Amino acid sequence: MSRDRARGTIRRARPRSGPGLGVSSIAALVLLYLVFPILVVIPLSFSAGTYLSFPPPGFSLRWYENFLGRSDWLGAASLSLWIGAAVMVLATALGAPAALALVRTDFRGKDLLIGFIISPLIAPVIIVAIGIYFFYARLGLVGNPFALVIAHTCLAVPFVVINVSATLQGFDERLEQAAMNLGATPWRTFWQVTFPIIRPGVLAGALFAFISSFDELVVALFVSGTSAVTLPRKMWESIRFEIDPTIAAVSTILIVLTGVLFLGAELLRRRSERLRAAVVLPDLPAKDARRGV
Amino acid sequence: MSISQVGRKTPARTRLSHPALVLPLLVYLTAFYAYPVAAMMLRSVAEPGWTLENFRRLFENPVYLHVLWLTFRVAAIVTIAALLLGFPVAYVLARIDRAKSNLLMMLVLLPFWTSILVRTYAWMVLLGRQGIVNQFLLAIGAIDAPVQLLNTSFAVYVAMVHILLPFMILPLYSVIRGIDGNLLRAAEGLGATPIGVFRQVLLPLALPGVSAGCLLVFILALGFFITPALVGGPRDLMIAVLIQQQVELFNWPFASALAVVLLAAALLVFGGFARTLGVREALGRVSR
């Protein structure tokens with residue numbers, strides 16, 4: 001009987017599984033706060049009205065037509081795409097080899113160097129922006145799209161280094177050893193063994209680099225002058241001086257575009273984790289090895 | 001010891017890497033990032049002529065001191081608000097099963113991925129005179145005429161917390177996910193109240209995530225430019241906006257002095273925090 005009572009007590013004291021109702025509803029409200037503003041912009045972009053009234057008075061694609069029909073908007077969008085693509089290539093070319101060195105070799109001051117390479121992510125952008133602006137102003141490079149590529153690459157490179165490092169951690173180097181023991185040159189080993197395995201991480205880093213440049217406003221605000229107006233810069237001017245739903249249309253395009261790209265990067269990252277787990281030589285425990293003999 | 005473990009110890013010279021591979025990036029960042037920023041900071045004491053005049057001007061003028069104080073206050077309030085709102089989300093996401101939390105995580109990641117400019121614009125739409133918030137308040141009869149919400153401190157707080165919240169949720173989530181659920185269940189089983197479990201078990205174990213999240217949000221908030229510039233009023237002048245104004249007025253040495261103060265503040269906070277409470281591990285886990 002006493003045992004029964006004890007069991008009863010335990011059963012009564014058995015905690016709920018999962019979070020309680022109170023904390024769950026708070027979390028739901030906060031999640032609503034996070035997505036609501038974004039969900040509001042999308043219907044507004046299809047508004048038939050001239051103002052940002054809600055609910056929209058009717059459905060129309062006029063603001064998308066406005067975006068696609070105006071050369072200043074299209075010019076800004078294509079410039080941003082070109083700059084983003086160039087930044088993606090440059091940041092990957094610089095960042096991926098650096099990650100290889102940082103993960104696989106040890107040298108003095110490595111931690112300090114990692115901090116330096118990652119610092120553009122954490123340092124207030126305004127500081128980097130005005131530093132680069134003063135530098136370019138002296139060289140007469142303000143308004144030069146290539147100058148923007150160079151500046152954006154500094155801000156984009158940490159994404160490549162972080163993503164590639166993550167894929168390299170836990171990479172089974174014996175695969176490369178095997179290739180080289182079989183007579184492959186280091187160069188060939190890299191391209192035929194290493195690269196195929198770390199490719200998802202490299203691609204994810206490249207996508208992040210592209211988006212970071214495509215979205216970048218603060219540096220562009222100073223450096224683009226009047227001749228290299230990127231999409232965020234054009235949006236900034238438009239938001240300040242002409243509030244019509246064209247911005248909502250551009251914003252919707254951006255939400256969808258960055259959403260798709262990031263989802264792609266996220267899937268690549270998961271894929272690289274799976275791939276890394278799959279392409280590992282089995283660790284033969286000692287007893288199995290003995291059984292083999 | 002297994003055979004494979006012997007093989008794992010790879011001699012350094014056959015490894016497919018070399019420290020020199022980091023050199024191109026190091027040279028690039030030094031030339032196009034570190035040098036320009038260092039030259040800008042030097043400008044604050046070297047123009048016109050060697051002087052501390054720019055800093056004297058900054059610290060003697062009550063207007064500029066007020067901007068500094070305001071910047072810190074906004075950053076602190078935004079950090080606390082983000083912690084209070086982010087903790088329940090991170091806790092719930094970490095304690096439900098994987099499939100559900102991956103799905104709900106998209107609600108955190110979608111805004112995180114959307115550009116800051118777009119999110120700030122969304123708040124301008126919501127908080128405007130004809131905006132949804134005003135129309136809602138009018139409809140339920142809480143107000144008789146549209147109230148000014150945009151270009152107020154309220155707008156700055158609401159939009160900044162919204163934009164920075166994912167930076168709080170992500171490190172918290174990864175730390176809480178790592179906590180053994182049995183510890184919480186044991187505490188409950190031993191008769192602790194929910195608040196007791198939170199204070200004596202969950203919070204101490206989640207502390208590295210709390211400090212990493214607060215650190216990220218506080219430092220990012222200190223240097224925020226786009227949001228306060230667009231949704232703030234004339235009285236919500238934060239230091240990054242002041243820097244931009246001074247650059248446009250061609251007060252470059254003074255703008256540089258402001259930038260030095262901002263950077264020093266960020267580094268001080270970072271240095272103070274990073275040493276304590278396992279921030280390093282938490283940040284490492286997030287970036288990985």
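Visitor: At roughly what angle do the axes of helix α8 and helix α9 of chain A cross?
Guide: In this predicted model, helix α8 of chain A spans residues 174–181 and helix α9 of chain A spans residues 186–214. Their axes come within 10 Å, and the crossing is at roughly 135 degrees.

Visitor: Are α8(A) and α9(A) parallel or oblique to each other, and why?
Guide: The axes cross at roughly 135 degrees. Angles from 65 to 115 degrees count as roughly perpendicular and those over 145 as roughly antiparallel. The pair is therefore classed as oblique.

Visitor: Is the crossing of α8(A) and α9(A) left-handed or right-handed?
Guide: The two axes come within 10 Å of each other. The handedness of the crossing of α8(A) and α9(A) is right-handed.

Visitor: Which residues of α8(A) and α9(A) make the contact, and how many of the residues of the contact are charged?
Guide: From α8(A) come L175(A), E176(A), A179(A) and M180(A), while α9(A) supplies P186(A), T189(A), Q192(A), V193(A) and T194(A). By class, these residues comprise five nonpolar and three polar, and the number charged is one. Glu counts as charged, and E176(A) is among the residues of the contact.

Visitor: How many helices does chain A have?
Guide: Along the sequence, the pattern of chain A is α-α-α-α-α-α-α-α-α-α-α-α-α. Chain A has zero strands, and its helices number 13.

Visitor: What percentage of the residues of chain A count as buried?
Guide: A residue is buried if 20 or more other C-beta atoms lie within 10 Å of its own. Chain A has 293 residues, and the share that count as buried is 43%.

Visitor: Which helix of chain A gives the most to the side that touches chain B?
Guide: The contact between the chains takes 83 residues from chain A and 78 residues from chain B. On the side of chain A that touches chain B, the greatest contribution is 14 residues, and it comes from helix α2 (residues 21–45) of chain A.

Visitor: How many residues on the side of chain A that touches chain B are nonpolar?
Guide: Chain A gives 83 residues to the contact. On this side 13 are polar and six are charged, while the nonpolar residues number 64.

Visitor: In chain B, how many of the residues of the contact of α4(B) with α10(B) are nonpolar?
Guide: The axes of helix α4 (residues 62–95) of chain B and helix α10 (residues 194–222) of chain B come within 9 Å. Among the residues making the contact are V74(B) and A75(B) of α4(B), and V217(B) and F218(B) of α10(B). Four residues of the contact are polar and none is charged, whereas the nonpolar count is 11.

Methods. Residues are numbered from 1 along each chain as its sequence is written. Chains are lettered from A and ligands numbered from 1 in the order in which they are written. This is a predicted model: local features need pLDDT of at least 70, side-chain atom pairs count only at pLDDT 80 or more; totals for chains, interfaces and linings use all residues. Axes are lines fitted to C-alpha atoms, for helices over the stretch in contact, and angles run from 0 to 180 degrees between N-to-C directions. Helices (H or I, at least four residues) and strands (E, at least two) are DSSP runs, numbered from the N terminus. Two residues are in contact if their C-beta atoms, placed from the backbone, lie within 7 Å. A residue is buried if 20 or more other C-beta atoms lie within 10 Å of its own, exposed if 12 or fewer, and partly exposed in between; C-beta atoms are placed from the backbone. Angles under 35 degrees count as roughly parallel, over 145 as roughly antiparallel, 65 to 115 as roughly perpendicular and the rest as oblique. A crossing is left-handed if the near helix is turned anticlockwise from the far one by less than a right angle, and right-handed if clockwise.
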